[in-house]
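Thanks, I will keep this short. Please have the sequence and the model open while I go through it.

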Amino acid sequence: HFKTWKNEHFEYHGQCDMVLAKDEAFAGGIGLDVQIRTKIVRYWSYIKNAAIRIGNDILEIEGGANSATWWINNEHEGDLTTIGGFPVTRKVKSTWKQFFEIDLTSKFPGQKIVLSTYKEFVSVAFENGTEESFGNTKGLLGDFKTGATIARDGSTVMQDFWEYGNEWQVLPFEPALFHESSKPQFPDRCILPEENIRGKRRRKLGEATVTEAQAEAACAILKDPLDRK
């Protein structure tokens, strides 16, 4: 499940590395890249890893059935202090739930990028993002001003989200943020689920270690029913 900058929801359930957001001019030109790695569980997929580059630093996190782990500049569970000059704080809520907060206040007051894990599941949130900070980003989150799901050409609006997800697969000219490569990599295209879940199939959480009851309990605090879904 994805939300555009305008909080409009869409679904994509392929498996590959994808560009969530990127902006070469971020924070005065140090640059920003946020990529996600998805994994298929037969009929649906989830975000398994997320990696963010700010300036010359890269932080990658990975969920796990028992605990999350991270890499900072390819060092496994290295010292987490800053990324691109911005403070990073790791907060452990439980064995299953962790948060990695990147505080952008020094450049963009009150704003954060939060990478979080719940068991295997990883999510990325941009808290209080403004046009000044993220207005020029491109990627799966769409156009910041309109929320439109824009193709790589910068103008075509894509309404087929299967095609849209494939459109933003990480390409060879883009930075490889993850500490190790994982199939598929372009020119091999994103792997699609066994069946097209745009039809009648229900999503099955039983094939991960998270039960449906656990997922409902973890998401109960969310007010938006689509966020809870």
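Start with phenylalanine 134. Leaving aside neighbours within four places in sequence, phenylalanine 134 is in contact, meaning heavy atoms within 4.5 Å, with Trp5, Phe26, Leu32, Leu104, Gln111, Ile113, Phe126, Gly129 and Phe144. Apart from it lies another core, of eight residues, Val41, Trp44, Tyr118 and Ala215 among them. By nonpolar core I mean a set of buried Ala, Val, Leu, Ile, Met, Phe, Trp, Tyr and Cys residues joined through side-chain atoms within 4.5 Å; buried is under 20% relative accessible area, exposed over 50%, partly exposed in between, with a 1.4 Å probe and protein chains only.

A word on the source. This is a predicted model, where local features need pLDDT of at least 70 and side-chain atom pairs count only at pLDDT 80 or more, while totals for chains, interfaces and linings use all residues. Residues are numbered from 1 along each chain as its sequence is written, and side-chain values use heavy atoms, with hydrogens and water left out.

The largest nonpolar core has 45 residues, and Phe26, Ile52, Leu59, Ile102, Ile113, Phe126 and Phe134 touch the most other members.

Now the strands, which are DSSP E runs of at least two residues, numbered from the N terminus; two of them pair if DSSP finds at least two bridges between them. Strand S5 (residues 44-54) runs antiparallel to strand S6 (residues 57-62), joined by six bridges. Isoleucine 52 stands opposite leucine 59 in S6. Two residues separate S5 and S6 in their hairpin, and glycine 55 in the turn has a positive phi of about 60°.

How values were computed
Helix = DSSP H or I, 4+ residues; strand = E, 2+ residues; numbered from the N terminus.
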